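This report goes through a structure model, from the overall fold to local details. The sequence and the model come first.

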Amino acid sequence: MTHLTDDLHAALSRQRIETPSWGYGNSGTRFKTFAAPGAARDVFEKIDDAAEVHRLTGIAPSVALHIPWDEVDDYAALGRHARERGVDIGAINPNVFQDDVYRLGSVTHPDEAVREQATQHLLDCVEVMRQTGSRDLSLWFADGTNYAGQDDLRRRKHAMRSALKRVHDALPENGRMLVEYKLFEPAFYATDLFDWGAAYAHCVAIGEKAQVLVDLGHHAQGVNIEQIVAFLLDEGRLGGFHFNARRYADDDLIVGTSNPFELFCIYAELVAAGHSTDQRTRTTAQDVAYMIDQSHNIEPKVEAMLQSVLNCQEAYAKALLIDRDALKDAQQAGDVLAAHRALTDAFRTDVRPLLAEWREAGGLPTDPIAAHRASGYQTRVTRERGTAVGGGGYPVKEKVMGT
Ligand code: LRH
Ligand code: MN
Ligand code: MN
């Protein structure tokens with residue numbers, strides 16, 4: 001059995017996973033929004049649910065907000081509500097995709113007035129960051145086109161660059177902008193930030209506070225995400241993750257469910273970068289924002305988020321167990337399969353007893369899911385919050401996106 005050494009204990013205690021406010025409210029697909037009993041009805045209840053996930057896991061101490069879904073008059077009061085429950089406000093996610101005016105895009109829209117409106121919203125969100133004490137502004141754009149010839153692709157690129165630059169230069173001293181790319185959807189011909197290379201090129205051109213955000217759901221099938229992670233770490237430009245799992249298209253399944261080996265390999269790269277002799281790579285690895293981006297449609301929401309956090313913890317624990325010396329020796333000797341086995345040996349290790357030991361040492365429930373089920377939390381919130389009305393499908397876009 002693998003023992004909980006001091007090093008392992010310390011590393012596991014440093015792990016952080018941020019959960020998203022939009023994962024706690026009712027959500028659905030474009031076909032149907034199901035009403036989940038006890039789903040959070042507003043941002044305060046979303047924070048309460050996030051706090052419950054942190055209480056049980058000990059590694060999810062912040063919650064990301066989406067503006068305007070989570071808009072309030074008094075962000076300082078919201079921050080206090082969060083801190084009273086043991087969590088902080090994390091990344092601020094502006095929303096420039098759900099208003100009618102954004103039909104042809106936001107910061108890359110053909111009309112300058114729309115571009116300005118969108119950029120202004122991003123700048124307003126920088127102000128929200130200051131009030132919530134958030135470090136990261138997390139940017140995802142639905143911008144793109146559906147048909148060849150619909151718009152000038154280079155014009156759109158320049159518009160994206162200039163909006164990002166303005167926002168970058170308005171960031172607080174220690175603030176960052178995390179630039180998220182996505183291969184497709186909702187623009188099905190061309191997406192303005194279509195892959196990590198496009199996001200990276202903008203970040204490099206814009207400045208030091210711009211870094212790339214890797215959402216696991218936003219790649220073509222078969223793309224080697226851990227290689228992208230390794231590359232960006234090495235370039236000092238990996239800013240954060242949106243964890244989730246995908247089978248075909250977008251990203252709302254629980255991370256580590258359909259492809260746990262991929263998640264492990266990603267963590268293996270992060271752990272390796274943490275041991276790098278290159279200081280920039282090490283610092284970049286230490287500064288990564290680990291966030292979940294999932295909206296659970298048919299599963300119980302708090303339990304699904306717990307499962308997500310725990311899957312990340314397991315993947316990380318396994319990555320910590322890799323025998324790095326054996327791996328290096330095998331790699332240098334050109335021993336292909338011994339090197340591969342150095343990874344798979346760690347991946348195949350059952351880390352559940354180790355994690356139970358770590359939890360016990362920290363006064364946490366050894367089995368957070370069982371503790372959640374036994375706690376009566378779900379029954380209580382269902383009684384208090386009831387079951388909000390669900391939604392239809394296609395016409396209710398804001399419900400599709402998670403409110
Ligand atoms: C759309 C998306 C994206 C954002 C989130 C708010 O693909 O899932 O990943 O981060 O909505
Ligand atoms: Mn995302
Ligand atoms: Mn997505």
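Of the 403 residues of the chain, 46% count as buried, where buried means 20 or more other C-beta atoms within 10 Å of the residue's own, exposed means 12 or fewer, partly exposed lies in between, and C-beta atoms are placed from the backbone. This is a predicted model, in which local features need pLDDT of at least 70 and side-chain atom pairs count only at pLDDT 80 or more, while totals for chains, interfaces and linings use all residues. Residues are numbered from 1 along each chain as its sequence is written, and chains are lettered from A and ligands numbered from 1 in the order in which they are written.

The chain averages a pLDDT (the predictor's confidence in each residue, from 0 to 100) of 95, and 97% of the residues score at least 70. Over residues 395-403 the pLDDT is below 50, yet beyond near neighbours in sequence this stretch has 20 contacts in the model; a contact is a pair of residues whose C-beta atoms, placed from the backbone, lie within 7 Å. The model scores are ipTM 0.98 and pTM 0.96.

The chain holds 16 helices and ten strands, taken as DSSP runs numbered from the N terminus (helices H or I, at least four residues; strands E, at least two). Its C-alpha trace spans about 60 × 55 × 40 Å along the principal axes. Among contacts between residues at least 6 apart in sequence, 77% join residues at least 24 apart.

The largest nonpolar core has 104 residues, and V179, V212, V214, V229, Y267, V309 and A319 touch the most other members. Such a core is a set of buried Ala, Val, Leu, Ile, Met, Phe, Trp, Tyr and Cys residues joined through C-beta atoms within 7 Å. Helix α10 (residues 301-320) supplies the largest share of this core, twelve residues. Leaving aside neighbours within four places in sequence, V214 is in contact with W196, I225, I228, V229 and F241.

Around ligand 1 are N93, W140, E180, K182, D215, H242, D250, D251 and D293, each with its C-beta atom, placed from the backbone, within 6 Å of the ligand.

Most residues other than glycine have a negative phi, and most peptide bonds are trans. E185 is not a glycine but has a positive phi of about 70°. E185 is partly exposed, with 13 other C-beta atoms within 10 Å.

How values were computed: Contact = placed C-beta atoms within 7 Å.
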